[in-house]
Amino acid sequence: MSFTAVPLTLYPDMFPGPLGHSIAGRALESGTWHCAPVQIRDFATDKHRTVDDTPAGGGAGMVLKADVLGAAIDHAVAAHTELPILAMTPRGTPITQARVRQLSAGPGVIILCGRFEGFDERIFDARPIEEVSMGDIILSGGEMGALLLLDACIRLLPGVMGAASSGDDESFENGLLEYPHYTRPVNWEGRTIPEVLRSGDHAKIAAWRKQQAEDHTRLRRPDLWERHEGARARPASGARRKEKDQRT
């Protein structure tokens, strides 16, 4: 069974967009996943196909109408009864790699993409929608966030990355940032690949990579480090000393 992506959007031509290229594009061609965007405007009932209106109580901008959104969502759910519904919104719960893995293990996702000032709040009371955010930034619409989320899911589908272990050591998979990578040439502008990576000693290499992942996480993302199970075992200052030693 393939993964089905159903973006609800005013701009369906944005999909698959960049997901039609590289590994996601090859997976799309092979049928590993399908993209079925829905034009929200098709569910407007007036002759002008109006999808938005002025905010109740006044204020700048326009708000997507609940009746139009509800009809679009109901259409998507009728065609894809097993898919969860997500809405891209800055006030949503920040997406995590763990949630991405859950979604990629399922049959797909319906993603509601906002525009203007956002959604009529009643849509969240009337439909089972999970509000998610791709970070503390504001975009001009939910489509770019949806593309990011779909890319994160698609790359985890069986066979998309090739080797099943390709993504195991990447940032956030184990609660840590990823360790640094190097490749040839060994010497470049006076900078040399760390000796341990050229040693051929796999145990030492694994230990070095683990240490680097912990140090980088502690230094650059203390919020992640505090949540990591090994955070209490070592002082935060150790990473800074080690980082300084490596640069000098």
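Val100, Leu103 and Ser104 of helix H3 meet Leu149, Ala152 and Cys153 of helix H5, where contact denotes heavy atoms within 4.5 Å. The residues of this contact comprise five nonpolar, one polar and no charged; Ala, Val, Leu, Ile, Met, Phe, Trp, Tyr, Cys and Pro are classed as nonpolar, Asp, Glu, Lys and Arg as charged, and the others, Gly among them, as polar. The model is a predicted one, in which local features need pLDDT of at least 70 and side-chain atom pairs count only at pLDDT 80 or more, whereas totals for chains, interfaces and linings use all residues. Residues are numbered from 1 along each chain as its sequence is written, and side-chain values use heavy atoms, with hydrogens and water left out.

H3 (residues 97-104) and H5 (residues 142-154) pack at an angle of about 70°, and their axes are 8 Å apart. H3 is therefore roughly perpendicular to H5, a class that covers 65 to 115 degrees. The crossing of H3 past H5 is right-handed.

The chain contains eight helices and 10 strands, assigned as DSSP runs (helices H or I, at least four residues; strands E, at least two) and numbered from the N terminus. Of its 248 residues, 41% count as buried; buried means under 20% relative accessible area, exposed over 50%, and partly exposed in between (1.4 Å probe, protein chains only). Among contacts between residues at least 6 apart in sequence, 73% join residues at least 24 apart.

The largest nonpolar core holds 26 residues, of which Trp33, Ile111, Leu149 and Leu150 touch the most other members. Such a core is a set of buried Ala, Val, Leu, Ile, Met, Phe, Trp, Tyr and Cys residues joined through side-chain atoms within 4.5 Å. At least two residues of this core are supplied by each of strand E1 (3-9), helix H1 (22-30), strand E6 (85-94), H3, strand E7 (108-113) and H5. H5 provides the largest share, seven residues. Leucine 149, which also takes part in the contact of H5 with H3, touches Leu86, Met88, Ile95, Val100, Leu103, Ile111 and Met134, when residues up to four places away in sequence are not counted. A second, separate core of 21 residues includes Ile40, Val51, Leu83 and Phe119.

Glutamate 143 also lies in helix H5. With a relative accessibility of 0%, glutamate 143 counts as buried. Its contacts, leaving aside neighbours within four places in sequence, are with Thr9, Leu10, Tyr11, Met14, Phe15, Cys113, Gly114 and Arg115.

Two cis peptide bonds are described here. The bond from phenylalanine 15 to proline 16 is cis, with omega near 0°, and proline 16 is placed in the loop between E1 and H1. The bond from arginine 184 to proline 185 is likewise cis, with omega near 10°; proline 185 occurs in the loop between H5 and strand E9 (187-188).

Positive phi values in residues other than glycine were also examined. Serine 22, in helix H1, has phi near 55°. This serine counts as exposed because its relative accessibility is 53%. Arginine 49, in the loop between strand E3 (38-39) and strand E4 (52-53), has a positive phi near 55°. At 37% relative accessibility, arginine 49 counts as partly exposed.

Note on methods:
Axes are lines fitted to C-alpha atoms, for helices over the stretch in contact, and angles run from 0 to 180 degrees between N-to-C directions. Angles under 35 degrees count as roughly parallel, over 145 as roughly antiparallel, 65 to 115 as roughly perpendicular and the rest as oblique. A crossing is left-handed if the near helix is turned anticlockwise from the far one by less than a right angle, and right-handed if clockwise.
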